[in-house]
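Subject: Structure handover

Hi,

Here is the structure I promised to pass on. My notes on what turned up follow below it.

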Amino acid sequence: GADPIYQTAANDLGCALATHNLCVVYGGAKVNRMCAVAESALSHGGCVVGVIPEVLVDLEVAHNGISELHVVDTMHTRKALMGERSDAFLILPGGFGTLEEMFEVLAWQTLKLHDKPIVLLNINGFYDQLLDFLDHAVAHGMLKQKSREILLVANTVQEALTALDITS
């Protein structure tokens, strides 16, 4: 992200999760915004679990300085293990991988494969157009309102913690 507000939000999130003794579960790489969350959590004494497929160990540069690093065989295994190890899903601004993972956990919940909270961190209005599209999909009968409501939206890290019932 070009705007430093995204880095600040990632740092704030990592700090907040560590402060509340919540373990970060993420893709295990030393790149992108989730690495910033992991680094911030670690620097504040938090636990960080990474899950990375073998094919990405060198490409994304596996983060060997975290609490646990699981190297798995496929992306599917990665997402399944991350889903199992997570109590909730927090989505920061990101690209295709972020969107793909978000929609997968949303689909899993509509299929009743889990009932974990899913919170979209709409930092700086990053996801406004996506949220408009989801409302558009509801209006056109492509998405049920009940399914749309699964996705909780927070504009700040503190709002995300509140949505998850984590007190300060």
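This is a predicted model: local features need pLDDT of at least 70, side-chain atom pairs count only at pLDDT 80 or more; totals for chains, interfaces and linings use all residues.

A definition before anything else: buried means under 20% relative accessible area, exposed means over 50%, and partly exposed is whatever falls in between (1.4 Å probe, protein chains only). Residues are numbered from 1 along each chain as its sequence is written, and side-chain values use heavy atoms, with hydrogens and water left out.

Back to Lys 144: you'll find it in the loop between α5 (128-139) and α6 (145-148). (Helices are DSSP runs of H or I with at least four residues, strands are runs of E with at least two, and both are numbered from the N terminus.) From Lys 144 to Asn 155 is 11 residues in sequence and 23 Å in space, C-alpha to C-alpha.

His 114 is another loop residue, placed between α4 (96-110) and β5 (118-121). Is His 114 buried or exposed? It is buried, because its relative accessible area is 12%. Its side chain makes polar contacts, meaning pairs of N or O atoms within 3.5 Å; within protein, one must be able to donate a hydrogen and the other to accept it, and residues adjacent in sequence count only if both atoms are side-chain atoms. One goes to the backbone oxygen of Val 105, at 2.9 Å. Another pairs a polar atom of the His 114 side chain with the backbone nitrogen of Lys 116, also 2.9 Å. Leaving aside residues up to four places away in sequence, His 114 touches Phe 89, Val 105, Trp 108 and Gln 109, where contact means heavy atoms within 4.5 Å.

Next, helix α1 (residues 4-19). At its start, a side-chain oxygen of Asp 3 comes to within 2.9 Å of the backbone nitrogen of Ile 5. Among the buried residues of α1 are Tyr 6, Leu 13 and Leu 17, and what covers the buried set includes β1 (24-26), α2 (32-43), β4 (89-91), β5 and α7 (157-163). Just after the helix, Asn 21 takes a positive phi of about 55°.

Last, the cysteines. How many disulfides does the structure hold? There is 1, where a disulfide is a pair of cysteine sulfur atoms within 2.5 Å. It joins Cys 23 to Cys 47, S to S 2.3 Å. The pair links distant parts of the chain, 24 residues apart: Cys 23 is in the loop between α1 and β1, and Cys 47 in the loop between α2 and β2 (48-53). The link is left-handed, with -50° about the S-S bond. Cys 23 is partly exposed at 36%, and so is Cys 47 at 31%.

Cys 35 is buried, at 9% relative accessible area.

Cheers
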